[in-house]
Amino acid sequence: MQPRNMSMSGVVDLAAVKAAGEAKAKAEQARAESARQGGGGAVSSASLVIDVDEAAFERDVLQRSTEVPVVIDFWAEWCEPCKQLSPLLERLATEYNGRFVLAKVDVDANQMLMQQFGIQGIPAVFAVVAGQALPLFQGAAPEAQIRQTLDQLIQVAEERFGLTGVTVDPDASAEPAPAAVPVGPYDALLEAAVQALDAGDFGGAVQAYKNVLSDDPGNSEAKLGLAQAELLARVTDMDPQKVRQEAAENPSDVAKQIAAADLDLVGGHVEDAFGRLVEAVRRTVGEDRDAARVRLLELFEVVGPDDPRVTAARSALARVLF
């Protein structure tokens, strides 16, 4: 994919409007409040590059952007250009020594953020300055172009928003991880979910898994169980013969292809399900394409990320997307 520059004129235009002044005032207020609470001190160089998810986005990106520009790298494990761009951005974050912070967002695990930013392809790089989201560029751009973009971002952030970055202490160690909070045990909830599945109560199983994830978002067993329960809930009232016939007669109807893919997976035809949705992504654009892509990612969760069929389908998806 050829790099497509997202013009930095968006930053300059933003600085010219009234919203910029309001954002600057809010940033100054937030910095003052942070100082009163003992924040705003020197940080370690390790904290200049962070992994961010949907749950921590407000704290780690929006709130932090009142002190320092936050550059967001939207990436995925299967994205080959990302493997060139991400290490470069990480190196530059260290080299710029606190003038900006790099936040890395895995789009596969954070679909909502990807949709909120309107991202059509990755790698995609945005910035957040004083709570304002700004597109920077898309694709594995040359280093010289990236430096120029970062320099302009930093200049605007300082001149228009009063953001001068954070102080880096080279002798400081990385911020200690928060003390582990005992969670669970979830045996009873997980067992209740399994029993609900066995009884055909898919709605009850979905809720039981969600109860676990609301308390422990990283619980892999609950994630897998939820994906399976939601799939079974979707197909339970389907007429398989009708669904497959309609999908065959309407190859361009994404909703019908998605329904047939669900049935394929439940029936054990994993590669057929993946192939059907990859083809739907290839054929379509806009909302239809996004619907097929999102359902494909959901089915990846059902099968499991380490399954070789998932790996192959991710590569096929990357080829049709980029």
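Is Ala-130 buried or exposed? Ala-130 is buried, because its relative accessible area is 9%; buried means under 20% relative accessible area, exposed over 50%, and partly exposed in between (1.4 Å probe, protein chains only).

The model is predicted, so local features need pLDDT of at least 70 and side-chain atom pairs count only at pLDDT 80 or more, whereas totals for chains, interfaces and linings use all residues. Residues are numbered from 1 along each chain as its sequence is written, and side-chain values use heavy atoms, with hydrogens and water left out.

**Overall composition**

The protein has 14 helices and six strands. Helices (H or I, at least four residues) and strands (E, at least two) are DSSP runs, numbered from the N terminus. Of the 322 residues, 44% count as buried. Among contacts with a separation of 6 or more, 70% are between residues 24 or more positions apart; contact means heavy atoms within 4.5 Å.

**Backbone features in loops**

Most residues other than glycine have a negative phi, and most peptide bonds are trans. Ala-130, in the loop between S5 and strand S6 (132-138), has a positive phi, near 50°. Asn-97 also has a positive phi, near 55°, and is placed in the loop between helix H4 (80-95) and strand S4 (101-106). With a relative accessible area of 44%, Asn-97 is partly exposed. The peptide bond from Ile-122 to Pro-123 is cis, with omega near 0°. Pro-123 belongs to the loop between helix H5 (111-116) and strand S5 (124-129).

**Surroundings of Asp-73**

Asp-73 is part of strand S3 (residues 70-75). What does the side chain of Asp-73 join in a polar contact? The partner is the side chain of Ser-86, at 2.6 Å. A polar contact is a pair of N or O atoms within 3.5 Å; within protein, one must be able to donate a hydrogen and the other to accept it, and residues adjacent in sequence count only if both atoms are side-chain atoms. Not counting residues up to four places away in sequence, the residues touched by Asp-73 include Leu-85, Leu-89, Lys-104 and Pro-123.

| Residue | Relative accessible area | Contacts include |
|---|---|---|
| Asp-73 | 0% | Leu-102, Ala-103 |
| Ile-146 | 0% | Leu-88, Phe-137 |
| Asp-60 | 12% | Ile-50, Val-52 |
| Ala-259 | 17% | Met-238, Val-243 |

Ile-146 is found in helix H6 (residues 143-161). Its contacts also include Leu-85 and Leu-89, and both of those residues are touched by Asp-73 as well. The C-alpha atoms of Ile-146 and Leu-136 are 8.9 Å apart, with the two residues ten apart in sequence. Asp-60 is placed in helix H3 (residues 57-63), and its side chain makes a polar contact of 2.8 Å with that of Arg-59.

**The disulfide**

A disulfide is a covalent bond between the sulfur atoms of two cysteines; here the criterion is a pair of cysteine sulfur atoms within 2.5 Å. How many disulfides does a search of the whole structure find? The search finds one, formed by Cys-79 and Cys-82 with their sulfur atoms 2.5 Å apart. The disulfide is right-handed, because the torsion about its S-S bond is about 80°. Both Cys-79 and Cys-82 are buried.

**Packing of H11 and H13**

Helix H11 (residues 254-266) packs against helix H13 (residues 286-303) at an angle of about 10°, and their axes are 10 Å apart. H11 is therefore roughly parallel to H13. Axes are lines fitted to C-alpha atoms, for helices over the stretch in contact, and angles run from 0 to 180 degrees between N-to-C directions; angles under 35 degrees count as roughly parallel, over 145 as roughly antiparallel, 65 to 115 as roughly perpendicular and the rest as oblique. The residues making this contact include Ile-258, Asp-262 and Leu-265 of H11 and Asp-288, Arg-295 and Leu-299 of H13. The residues of the contact comprise nine nonpolar, no polar and three charged. Here Ala, Val, Leu, Ile, Met, Phe, Trp, Tyr, Cys and Pro count as nonpolar, Asp, Glu, Lys and Arg as charged, and the others, Gly among them, as polar.

Ala-259 also lies in helix H11. Its C-alpha atom is separated by 8.4 Å from that of Arg-244, 15 residues away along the chain.
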